[in-house]
Amino acid sequence: MAPFPLERGTRRGLGLALPCILCLIFFSGLIFHQGTQDIATMTRVRAPRCNFLRTVGTRATAYPPREPLEGLRGGGSTLTVEDIKTKPFEGQKPGTSGLRKKVTVFQEPGYLENFVQAIFDTNPSLKGQTLVLGGDGRYLNKYASLRIVRMAAANGIARVITMPDFLASTPAISHLIRQNKAKGAIILTASHNPGGPKEDFGIKYNTENGGPAPNDVTDAIYKQTTKIEGYHIVGEELDMSRFEAPGSFQVGDMTVEVVDAIDEYSKLMQSIFDFPKIRSRLFARKDFSMVFDAMHGVAGPFARRIFTEDLGAPESSILNAEALEDFGGGHPDPNLKYADLLCQKMGLGAYEGKKLEGKLPDFGAAADGDADRNMVTGSRFFVTPSDSLAIIAANAKESIPYFKDGLKGVARSMPTSGAVDTVAEKLGLSLYEVPTGWKFFGNLMDAGEISLCGEESFGTGSDHIREKDGIWAVLAWLSILAHKNPDPSQPLVSVEQIVKDHWGIYGRSFYTRYDYEGVNADKANALMDNMVTSFDELKKTTPGLKIADEFSYTDPIDGSVASKQGVRFVFDDNSRLIFRLSGTGSVGATIRMYIEAVAPPSESPQDTKASDALKPLVELGLRISRMQDFTGRDEPTVIT
């Protein structure tokens with residue numbers, strides 16, 4: 001484990017009126033991250049008659065100071081604010097949703113603090129306001145959270161709302177922002193990326209609407225990180241035990257409120273869905289069972305509350321329920337490769353076609369590390385995220401009380417299949433196609449243009465918050481199942497039947513995604529550039545190709561433009577090949593190839609495997625992109 005070397009800085013605000021005496025202090029010692037407690041940032045020598053301490057080392061000179069803070073944990077004593085001199089770190093540019101790096105990078109002295117201070121510096125309206133703070137519980141979460149509380153106090157935040165052990169799902173944090181009219185939130189998550197001492201950590205800033213900060217905000221944060229000179233932090237350590245249960249206390253003038261995020265989220269879900277109906281029509285049936293794989297992420301305690309306590313599912317229904325710092329050594333990404341236990345239970349992925357003991361569950365689902373992504377399955381039947389969005393849209397008004405007056409409109413990310421497009425057309429709904437990144441849905445929701453949205457990367461949500469929401473999506477499917485099964489004396493209408501009935505009405509979009517992870521960034525960029533420069537030639541030599549371009553999006557609400565959002569190849573039959581570089585990894589680049597073929601209702605084959613239907617397009621995509629030439633890979637890392 002990488003140590004945390006000394007931080008050196010000036011200390012102000014000792015609150016003494018006697019003349020200042022200049023003191024030379026030698027600081028020594030090493031600081032190690034302990035995971036569950038806040039560690040002193042320096043060895044202090046008390047100088048009761050000094051209000052300025054000169055320090056030694058490269059980070060020794062004063063950063064612009066803050067005034068002393070009155071009161072420590074409600075005790076009335078004066079807090080000290082340390083103004084730590086620092087230097088910029090390269091590469092602190094947020095990706096699709098926040099800054100993600102290896103834990104060892106975040107353990108570099110000042111790395112975390114620089115980024116957090118850049119948030120405070122570029123969002124001065126936070127001063128005197130409420131900030132929500134929480135994370136998915138991955139390794140470094142508690143240490144980083146305690147540091148951020150101390151920095152918030154030093155930067156004039158009036159109130160921090162957090163939760164026991166700083167543990168909350170990203171959707172729950174979005175709800176807390178909106179519920180408490182907070183100015184913003186700092187969320188500690190690397191989402192579906194692995195966790196542990198040598199794995200990934202992440203931090204992102206959400207704004208007062210509850211959603212991820214838009215590009216202009218993250219660009220300003222990044223710009224500040226390139227010229228930052230120091231950060232402010234309260235010198236006194238904080239006791240982790242104060243954050244283990246709901247309550248309220250003071251850190252100087254700043255109020256800290258520890259709230260029950262699970263309870264608040266459960267109340268929100270019960271205001272959206274008909275829990276008694278789900279309980280009576282599904283969980284009261286002897287022939288219905290479900291499993292939910294929390295993947296040892298933050299979804300576990302939320303799932304226990306909602307599915308077992310609120311809806312009556314057996315405790316055994318929740319798999320991998322304990323939230324662990326390293327996600328049990330797994331990769332908390334809900335797909336057919338990494339959600340292995342769920343696939344084993346449902347007869348999918350590596351277990352497809354294999355003989356399994358006992359009756360398989362009728363419904364299966366999973367969520368990722370911070371519980372914003374979801375995977376939905378039936379018994380031996382996988383529901384693609386694109387189909388899931390379309391089916392929720394088609395059934396929302398009849399199945400979910402929140403949508404009883406109908407949907408305002410729907411939106412999808414550009415790489416997501418056009419399955420929801422057909423639903424929108426038939427129902428007369430507005431449809432928006434946006435770049436990948438949940439932040440692009442926020443403006444549309446705030447303007448009242450859409451009620452429902454989703455991404456092919458297992459993200460689905462509505463305007464109840466401004467983040468995708470894994471457990472919400474599972475409840476949406478349970479609501480649809482409950483609506484389709486009003487009579488418990490009749491055979492259960494299954495997930496598979498619901499999907500195939502949908503295909504019969506709206507047609508079928510065959511869809512898959514190939515991920516090439518950890519590719520050399522230069523080679524990945526070269527692959528993308530080569531396709532762009534080959535557009536004209538490819539249009540001449542590729543039969544049926546009608547569009548070859550780079551997707552660009554102009555926000556219809558504020559007019560902002562997002563360019564170079566992926567390479568598109570669209571054919572006469574509306575089949576598509578999409579290529580883009582993912583912004584969610586921490587090392588190297590991830591190339592994603594999306595493949596879609598469309599079959600209208602009259603030609604919608606119910607039992608054809610997607611891999612068979614898409615084989616010619618896959619081969620064409622590999623040839624057009626010259627994937628093997630640029631990456632040296634014969635196969636993708638993951639196929640979903």
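This is a predicted model: local features need pLDDT of at least 70, side-chain atom pairs count only at pLDDT 80 or more; totals for chains, interfaces and linings use all residues.
Biologist: Which residue forms a salt bridge with Asp263?
Modeller: Residues are numbered from 1 along each chain as its sequence is written, and side-chain values use heavy atoms, leaving out hydrogens and water. A salt bridge puts a side-chain nitrogen of Lys or Arg within 4 Å of a carboxyl oxygen of Asp or Glu. With closest N and O atoms 3.1 Å apart, the partner of Asp263 is Arg305.

Biologist: Which helices does the pair Asp263 and Arg305 tie together?
Modeller: Helices (H or I, at least four residues) and strands (E, at least two) are DSSP runs, numbered from the N terminus. Asp263 lies within residues 261–272 and Arg305 within 299–310, so this pair, 42 residues apart in sequence, ties together helix α6 and helix α8.

Biologist: Are Asp263 and Arg305 buried or exposed?
Modeller: Buried means under 20% relative accessible area, exposed over 50%, and partly exposed in between (1.4 Å probe, protein chains only). By that rule, Asp263 and Arg305 are both buried.

Biologist: How many salt bridges does a search of the whole structure find?
Modeller: Opposite charges on side chains can pair when the charged atoms come close. Searching the whole structure for such salt bridges gives a total of 29.

Biologist: How many residues apart in sequence are the parts tied together by Lys93 and Asp219?
Modeller: These two form a salt bridge with closest N and O atoms 3.6 Å apart. Lys93 sits in the loop between β6 (81–85) and β7 (99–102), and Asp219 in helix α5 (residues 215–225), so the separation in sequence is 126 residues.

Biologist: Which strands hold Arg592 and Asp515?
Modeller: Their side chains meet in a salt bridge, N to O at 3.4 Å. The two are 77 residues apart, so to speak distant parts of the chain, in strand β30 (residues 589–599) for Arg592 and, for Asp515, strand β24 (residues 508–519).

Biologist: How many disulfides does the structure hold?
Modeller: A disulfide needs two cysteine sulfur atoms within 2.5 Å. Cys343 is buried at 1% relative accessible area, and Cys453 is buried at 0%. As for disulfides, the number is 0.

Biologist: What is the phi of Asn320?
Modeller: Most residues other than glycine have a negative phi. Asn320 lies in the loop between β16 (318–319) and α9 (340–346) and is partly exposed at 24% relative accessibility. Its phi is positive although it is not glycine, near 50°.

Biologist: What is the phi of Arg380?
Modeller: Arg380 belongs to the loop between β18 (374–378) and β19 (381–383), and is partly exposed at 37%. Though not a glycine, Arg380 has a positive phi of about 55°.

Biologist: Over which residues is the pLDDT below 50?
Modeller: The mean pLDDT of the protein is 88, and 87% of its residues reach 70 or more. The stretch with pLDDT below 50 covers residues 1–76.

How values were computed
pLDDT is the predictor's confidence in each residue, from 0 to 100. Contact means heavy atoms within 4.5 Å.
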